[in-house]
Amino acid sequence: MSSRQTDALDRLWPVYGLHVPDRPGTPVDLTDLFGRAAPLVLEIGSGMGDTTAEMAAADPDRDYLAVEVHTPGIANLLDLVDRYGLRNVRVAQGDALDLVAGLPAAALDAVHVFFPDPWPKSRHHKRRIIQPAHVALLRSRLVAGGTLHCATDWAEYAEAMRETLDADPGLVNAHDGFAPRPAHRPVTKFERRALRAGRPIFDLLYRHRP
């Protein structure tokens with residue numbers, strides 16, 4: 001990590017950070033965490049945090065809870081929070097599904113799963129975040145009409161995601177197939193690399209049935 005990131009982690013983690021409890025399903029007091037009650041967006045796998053920071057800056061009326069496991073990414077997001085003066089972002093370190101299990105029903109206005117690990121080998125598919133049991137858990141925490149937005153540059157995973165999301169009885173596809181690229185989703189460095197390599201980007205946008 002850079003000295004700036006290390007400094008941000010030391011100073012800002014006590015203010016904006018949350019360790020995902022070791023016991024899955026431990027309740028999380030969101031009003032206490034953010035200091036207000038507002039619609040909440042969950043970002044699963046926020047990476048270096050650029051997308052989260054940009055979206056949160058453009059969307060001050062909603063809160064953003066970013067979940068990441070890698071410390072450098074968490075530190076970088078905290079640095080961006082400091083630089084942009086964001087007060088609607090909190091950063092959790094640990095397993096996103098363990099965190100979600102501790103949220104109340106209808107706690108989330110949206111869930112973002114942008115460019116998750118595709119785990120391309122068949123024997124590793126069980127590690128993918130988008131699979132039936134996980135989707136059912138995420139959907140159960142969405143408000144009626146809330147959105148589950150996924151994006152990937154891995155064509156096989158995109159098709160598997162679509163099949164899984166279509167099969168969930170509580171979700172409905174907001175588009176006929178894959179979604180047009182939403183203007184509100186920032187283009188990340190990872191996405192630019194994928195496009196330069198000739199890999200198309202697939203967005204999937206589903207809503208929780210009222």
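What follows is a chat about a predicted model of one protein chain.

Trainee: Hi! What does the secondary structure of the chain come to?

Mentor: Hello! Bear in mind that the model is predicted. The chain has eight helices and eight strands.

Trainee: And how does its radius of gyration sit with the globule rule?

Mentor: The radius of gyration is 16 Å, close to the 17 Å from the globule rule for 210 residues, so the chain is as compact as a globular protein of that length. Along the principal axes, the C-alpha atoms fill a box of roughly 45 × 40 × 35 Å.

Trainee: What share of the residues is buried?

Mentor: Buried residues are 49% of the 210 in the chain. As for the surface, the chain exposes about 10200 Å², and 53% of that comes from carbon and sulfur atoms.

Trainee: What about contacts between residues 24 or more positions apart?

Mentor: Among contacts with a separation of 6 or more, 78% are between residues 24 or more positions apart.

Trainee: Switching to pockets: what volume does the largest one have?

Mentor: The largest pocket comes to about 1000 Å³. It is lined by 37 residues, and the closest to its centre are Gly45, Ser46, Gly47, Glu68 and Phe115.

Trainee: Nice. Which elements each supply at least two residues of that lining?

Mentor: There are strands and helices on that list: β2 (40–44), β3 (63–68) and β5 (108–114), along with α3 (50–57), α4 (71–84), α5 (96–101) and α8 (189–196).

Trainee: How does the lining split by class?

Mentor: The lining has 15 nonpolar, 12 polar and 10 charged residues.

Trainee: You mentioned Phe115. Where is it, and is it buried or exposed?

Mentor: Phe115 is in the loop between β5 and α6. Its relative accessible area is 15%, under the 20% cut-off, so Phe115 counts as buried. Its backbone deserves a look too: phi is positive, about 55°, although Phe115 is not a glycine.

Trainee: Let's go to α3. Which of its residues are buried?

Mentor: In α3 the buried ones are Thr51, Thr52, Ala53, Met55 and Ala56. Their cover includes β2, β3, α4, β4 (89–93) and β5.

Trainee: Take Thr51, then. What does it touch beyond its sequence neighbours?

Mentor: Setting aside neighbours within four places in sequence, Thr51 is in contact with Phe114, Pro186 and Thr188. Thr51 has a relative accessible area of 10%.

Trainee: Now the arginines. Is Arg139 buried or exposed?

Mentor: Arg139 is buried, at 18% relative accessible area. It lies in helix α6 (residues 132–140). Beyond neighbours within four places in sequence, Arg139 contacts Asp168, Pro169, Gly170, Leu171 and His208.

Trainee: And what about the accessibility of Arg193?

Mentor: Arg193 comes out as partly exposed, at 48% relative accessibility. You'll find Arg193 in helix α8, which is among the elements supplying at least two residues to the lining of the largest pocket.

Trainee: Last one: how far apart are Arg193 and Arg90?

Mentor: In space, Arg193 and Arg90 are 28 Å apart from C-alpha to C-alpha, and in sequence they are 103 residues apart.

Terms used: Residues are numbered from 1 along each chain as its sequence is written. This is a predicted model: local features need pLDDT of at least 70, side-chain atom pairs count only at pLDDT 80 or more; totals for chains, interfaces and linings use all residues. Side-chain values use heavy atoms; hydrogens and water are left out. On a 1 Å grid over the protein atoms alone, a cavity is a set of points where a 1.4 Å probe fits but cannot get out, and a pocket is an open set with protein on both sides within 12 Å along at least five of seven lines; lining residues have an atom within 4 Å of a point. Grid points are joined across faces, edges and corners, and a volume is the space filled by probe spheres set on the points. Helices (H or I, at least four residues) and strands (E, at least two) are DSSP runs, numbered from the N terminus. Ala, Val, Leu, Ile, Met, Phe, Trp, Tyr, Cys and Pro count as nonpolar, Asp, Glu, Lys and Arg as charged, and the others, Gly among them, as polar. The radius of gyration is taken over C-alpha atoms; the globule rule is 2.2 Å times the number of residues to the power 0.38. Buried means under 20% relative accessible area, exposed over 50%, partly exposed in between (1.4 Å probe, protein chains only). Contact means heavy atoms within 4.5 Å. Accessible areas come from the Shrake-Rupley method with a 1.4 Å probe; for residues, only the protein chains shown count as cover.
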